[in-house]
Amino acid sequence: MSIAYLRLESLRQLKNVRSTIFTFAVPLVMLLLFGGIYGSGGQFDNVTGLPWIVVTTVQMAGYGGMMAALGQAFAIVTERSVGWNRQLRLTPLTGMGYLVSKVVAALVVALVSIVALIVVSVIVFHASLSPAAWAMAALGLWLGVIPFALIAVLIGQFARPQFAQPLFMVVFFGMAILGGLWVPLSVLPVWMKDVAQIVPSYWLNRLGQMGARLGGDVLEPALVLLAWTVVLGAFIVWRYRRDAARQ
Amino acid sequence: MNATSTTHAPAIRLTDLRKTFGALAAVDGIDLTIQSGEVVALLGPNGAGKSTTIDLALGLADPASGSAALFGGQPREAIVAGRVGAMLQGGALLPTMTVAQSVALIAAAHRHPLPVWEALERAGCTEIARQRVSRLSGGQMQRARFAVAIVSDPDLLVLDEPTAAMDVEARRAFWQSMREFTDAGRTVVFATHYLDEADAYADRIVMMAAGRVVADGTPGEVKAVVSGRRIRASFDFAWTAEVEAELRELPGVRSLEHRGDVLTLVSDESDAALRTLLSHHDDVHDIEVTAHSMDDAFLALTVTPSVEPVEAGAGPRVMPSVEPVEAGAGRAGFDGIDPRAHERGPRIATRPAIGGLS
């Protein structure tokens with residue numbers, strides 16, 4: 001697979017209007033809203049020891065990255081329904097290459113989303129962190145997005161066009177709630193906290209925070225993410241091979 | 001000349017290919033060899049197995065049994081090498097992209113593609129290059145898909161009903177582009193149910209019905225086998241029983257009739273019949289020799305023998321107990337392509353009655 005193909009494919013996904021609304025506009029509005037309400041006081045978050053505005057920024061950037069990656073599901077569903085997939089099978093692009101191009105595109109869109117939200121936060125709310133800490137926060141979030149890129153590919157492979165939207169919503173809300181993105185885990189039952197430890201959305205946020213603090217135990221999130229990556233990747237390859245034959 | 005004397009592997013070789021969907025045998029034992037440089041029409045009604053055969057030939061579906069080879073190797077190898085371009089059923093471009101973007105993206109996936117502008121130009125897409133795919137007309141869409149199919153600069157083009165949804169003018173323009181592209185000796189296989197298209201643009205027709213090949217030969221051969229040629233001529237002699245008996249003795253005559261001073265004669269060996277006719281009668285003039293239309297050939301070969309319509313005066317046309325016709329020596333090839341692969345006359349397969357088909 002060529003770099004030229006990856007570049008064109010990723011650029012194409014970046015230009016997609018629908019994904020732009022999901023990935024940039026929504027988290028941006030939420031950031032401006034929450035940041036405007038709570039962020040200006042300069043309070044610190046007790047759990048992480050980070051400025052509150054930084055925690056909010058990481059959360060929203062993670063949310064944006066997750067949306068960006070998951071949004072690729074729609075692109076794949078469309079490609080399958082019109083038969084673009086069949087066209088690609090007449091090129092040297094392999095099943096694995098196709099998968100990789102989709103994951104790369106999802107990660108590129110996610111990275112742009114993450115960086116854009118951090119930049120806005122720094123400019124608008126003067127969220128202060130060293131450049132290295134911001135870079136590590138972005139990197140942590142970006143790595144945390146990988147399973148979502150794979151989930152998007154999987155939804156794209158399985159869902160019929162009319163079911164893509166509901167499936168996307170179920171996955172998105174499920175992940176957001178289980179991972180404690182919306183409701184702090186501290187107010188949820190204990191078993192929910194245990195569940196959270198194995199969902200990628202929990203670690204997405206945590207990895208971002210670890211990056212921002214320039215420290216933390218990365219072994220557990222690394223193992224969880226690796227497990228998700230391997231399992232999802234195996235499913236995707238299996239499904240692609242089954243799709244390969246038209247019937 | 002036979003196939004083994006050529007040093008190059010055939011562009012396509014299908015060996016006892018079979019594919020079933022549930023109880024239905026979509027492809028039911030196809031053996032087919034297509035040499036480089038041939039322009040072959042796969043002709044058959046919907047459900048004849050044309051698209052499935054193409055999918056199997058390209059390795060896009062796995063056969064239940066048998067094998068498919070392109071250029072002597074696995075189909076996938078030929079695709080990876082960029083030697084195969086195709087317009088497939090159910091393969092379309094993305095509505096949100098422009099024509100040029102679509103071609104560029106596919107080009108980027110290939111290893112040694114044509115420049116994007118060149119593929120666009122050759123497919124007659126220069127003017128619609130910046131249009132979104134969603135805004136294209138049916139004919140424009142097919143041209144855009146043709147540009148995508150040729151961007152790898154393939155040796156083999158497989159076109160599954162390429163002119164579907166085109167009007168007459170668009171079809172003509174499409175085949176013009178296709179001819180220009182195939183002048184360099186490329187192999188083309190196209191599926192169609194436009195009989196005139198197969199007749200006009202292919203130098204070999206493979207007719208399919210119910211997942212089998214029912215006829216294989218040049219358009220002329222296939223038509224000649226089925227129905228012979230029709231000779232019409234005006235005559236100045238008196239029509240008598242002796243003359244009629246004499247005319248019936250001409251080579252290959254199937255039917256003979258006259259109306260006024262015009263006779264119509266259908267013969268399997270029209271050349272010989274005409275020669276004899278002219279040597280015996282110098283009072284025959286305004287001679288017209290026409291092939292039966294492709295529709296005649298098509299109907300005759302794809303309708304089950306038991307329900308074969310009896311043509312007036314022709315007697316029942318018994319299904320394919322046909323002598324092989326001599327290979328079309330000296331026949332002009334399609335746009336200068338050497339029709340070297342026709343080492344044999346048309347093979348007319350006897351078709352068993354298949355329940356539920358006709």
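1. Start with helix 3 of chain B. Its buried residues are Val99(B), Ala100(B), Gln101(B), Ser102(B), Val103(B), Ala104(B), Leu105(B), Ile106(B), Ala107(B), Ala108(B) and Ala109(B). The count is 11 of 11, so helix 3 of chain B is largely enclosed by the rest of the structure. Please keep in mind that this is a predicted model. "Buried" here requires 20 or more other C-beta atoms within 10 Å of the residue's own.

2. What covers this helix? Both chains contribute to the cover over the buried residues of helix 3 of chain B. From chain A, the cover includes helix 1 (3-14) and helix 4 (84-88). From chain B, it includes helix 4 (116-122) and helix 5 (138-150).

3. Next, the interface. Chain B puts 24 residues in contact with 21 residues of chain A. On the chain B side, the elements giving two or more residues are helix 2 (75-80), strand 5 (84-87) and helix 3 (99-109). Helix 3 of chain B supplies the largest share, 5 residues. By class, the side of chain B that touches chain A has 18 nonpolar, 3 polar and 3 charged residues.

4. Chain A has a helix worth a look. Helix 3 (residues 52-82) of chain A has 31 residues. From first C-alpha to last it reaches 46 Å, close to the 45 Å expected at 1.5 Å a residue. Of its 31 residues, 26 are buried, so helix 3 of chain A is largely enclosed by the rest of the structure. Just after this helix, Gly83(A) takes a positive phi of about 95°.

5. Chain B as a whole. Its secondary structure comes to 11 helices and 14 strands. Chain B has 358 residues, and 47% of them are buried. Take the contacts in chain B with a separation of 6 or more: 70% of these join residues 24 or more positions apart.

6. Strand 5 of chain B runs parallel to strand 6 of chain B, and 4 bridges join the two. Val84(B) has Leu156(B) as its bridge partner in strand 6 of chain B. For Gly85(B), the partner in strand 6 of chain B is Leu157(B).

7. Is strand 6 of chain B enclosed or open? All 5 of the 5 residues of strand 6 (residues 156-160) of chain B are buried, so the strand is largely enclosed by the rest of the structure. In a regular strand the side chains alternate between the two faces of the sheet. On one side of strand 6 of chain B lie Leu156(B), Val158(B) and Asp160(B), and on the other Leu157(B) and Leu159(B), all buried. A charged residue, Asp160(B), is thus among the buried ones.

8. The pairing continues to strand 7. Strand 6 of chain B is joined by 5 bridges to strand 7 (residues 187-192) of chain B, and the two run parallel. Leu156(B) has Thr187(B) as its bridge partner in strand 7 of chain B. Helix 6 (residues 168-182) of chain B makes a right-handed β-α-β unit with strand 6 and strand 7 of chain B.

9. Chain B also holds an open sheet of 3 strands, in the order 2-1-4, with antiparallel pairing. Strand 2 (24-34) and strand 4 (65-70) of chain B are at its edges, each with a single partner strand, so one side of each is left without a neighbour in the sheet. Neighbouring strands of this sheet are turned by 20° against each other on average, direction ignored. Between strand 1 (residues 12-21) and strand 4 of chain B there are 5 bridges, and these strands run antiparallel. Leu14(B) has Ala68(B) as its bridge partner in strand 4 of chain B.

10. Another open sheet of chain B has 4 strands in the order 11-12-10-13, again with antiparallel pairing. Strand 11 (253-259) and strand 13 (284-291) of chain B are the edges, each with a single partner strand, so one side of each is left without a neighbour in the sheet. The twist averages 15° from one strand to the next. Strand 10 (residues 229-235) and strand 12 (residues 262-267) of chain B run antiparallel and are joined by 6 bridges. Ile231(B) stands opposite Leu265(B) in strand 12 of chain B.

Conventions: Residues are numbered from 1 along each chain as its sequence is written. Chains are lettered from A and ligands numbered from 1 in the order in which they are written. This is a predicted model: local features need pLDDT of at least 70, side-chain atom pairs count only at pLDDT 80 or more; totals for chains, interfaces and linings use all residues. Two residues are in contact if their C-beta atoms, placed from the backbone, lie within 7 Å. A residue is buried if 20 or more other C-beta atoms lie within 10 Å of its own, exposed if 12 or fewer, and partly exposed in between; C-beta atoms are placed from the backbone. Two strands pair if DSSP finds at least two bridges between them. A crossover is right-handed if, with the strands pointing away from the viewer, the path from the first strand over the helix to the second runs clockwise. Axes are lines fitted to C-alpha atoms, for helices over the stretch in contact, and angles run from 0 to 180 degrees between N-to-C directions. The expected span of a helix is 1.5 Å times one less than its number of residues.
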